[in-house]
Amino acid sequence: MSEKNNKKAYFIKKTIRTLKLSNAHVLDEAITSKTLIPHRFDIITARALASAPKIIDLSKHLLSKNGKFLLMKGELKKINEEVAQLDNNTYPYVIHKKKTKDTNRHILEITQK
């Protein structure tokens, strides 16, 4: 996991210790296109970080082959504007509507081919 906010990173680390998770680690910095780590991720998630194309540009080098992005997004109109900027042959996507009464939330699932 990556969390550049120290307070939030501390909470996540404490939760990992409390739950005795051996396969979870926190990177105390923001992900950039130059971030280097020794392994790749099957799933990359983000909420309120940036547009889908920007998130892909920042982190595509960290995604495993056949991995996917799961991005929490808001209104469908804005999502459609973002995915219009993607190459569907490289990044096919599915938009999932969250089942909530009072909010307009979606999960944008983008697969890397």
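Entry 1: terms and confidence.
I start with a definition: helices and strands here are DSSP runs, numbered from the N terminus. I note that this is a predicted model. I looked up the confidence next. The protein chain averages a pLDDT of 87. I find that 100% of the residues score at least 70. Confidence is lowest in strand 1, at a mean of 85. It is highest in helix 1, at 92.

Entry 2: Thr 35.
I went to the loop between helix 1 (6-19) and strand 1 (41-47), where Thr 35 lies. Is Thr 35 buried or exposed? Its relative accessible area is 5%, and buried means under 20%, so Thr 35 counts as buried. I then listed what Thr 35 touches, leaving out residues up to four places away in sequence. The list is Leu 27, Glu 29, Ala 30, His 61 and Leu 62. I also checked the side chain of Thr 35 for a polar contact. It reaches the backbone nitrogen of Thr 32 at 2.8 Å.

Entry 3: strand pairing.
I turned to strand 4 (residues 106-111) and looked for its partners. Strand 2 (residues 63-73) pairs with strand 4 in the antiparallel sense, over six bridges. Within this pairing I picked out Phe 69, whose bridge partner in strand 4 is Ile 110. Strand 3 (residues 93-97) is also joined to strand 4, by five bridges. Strands 3 and 4 run antiparallel. Here I noted Val 94, with Glu 109 as its bridge partner in strand 4.

Entry 4: the nonpolar core.
Which residues touch the most other members of the largest nonpolar core? I wrote down Ile 56, Phe 69, Leu 71, Leu 108 and Ile 110, out of 15 residues in this core. Strand 1, helix 2 (52-59), strand 2, helix 3 (76-83) and strand 4 each give two or more residues to it. Leaving aside neighbours within four places in sequence, Ile 56 is in contact with Phe 69, Leu 86, Tyr 91 and Ile 110. Phe 69 and Ile 110 are the bridge partners from my strand entry.

Entry 5: Lys 113.
My last stop was the segment after strand 4, where Lys 113 lies. Lys 113 counts as exposed because its relative accessibility is 71%, and the cut-off is over 50%. What does Lys 113 touch, not counting residues up to four places away in sequence? I found Asn 89, Thr 90 and Pro 92. Asn 89 and Lys 113 are 24 residues apart along the chain. Their C-alpha atoms are separated by 7.5 Å.

Methods. Residues numbered from 1 in each chain as written. Predicted model: local features only at pLDDT ≥ 70, side-chain atom pairs only at ≥ 80, totals over all residues. Heavy atoms only, no water. Pairing = 2+ DSSP bridges. Helix = DSSP H or I, 4+ residues; strand = E, 2+ residues; numbered from the N terminus. Buried < 20%, exposed > 50% of the residue type's maximum accessible area, 1.4 Å probe, protein only. Polar contact = N/O pair within 3.5 Å; in protein donor to acceptor, adjacent residues only side chain to side chain. Contact = heavy atoms within 4.5 Å. Core = buried A, V, L, I, M, F, W, Y, C linked by side-chain atoms within 4.5 Å. pLDDT = per-residue confidence, 0-100.
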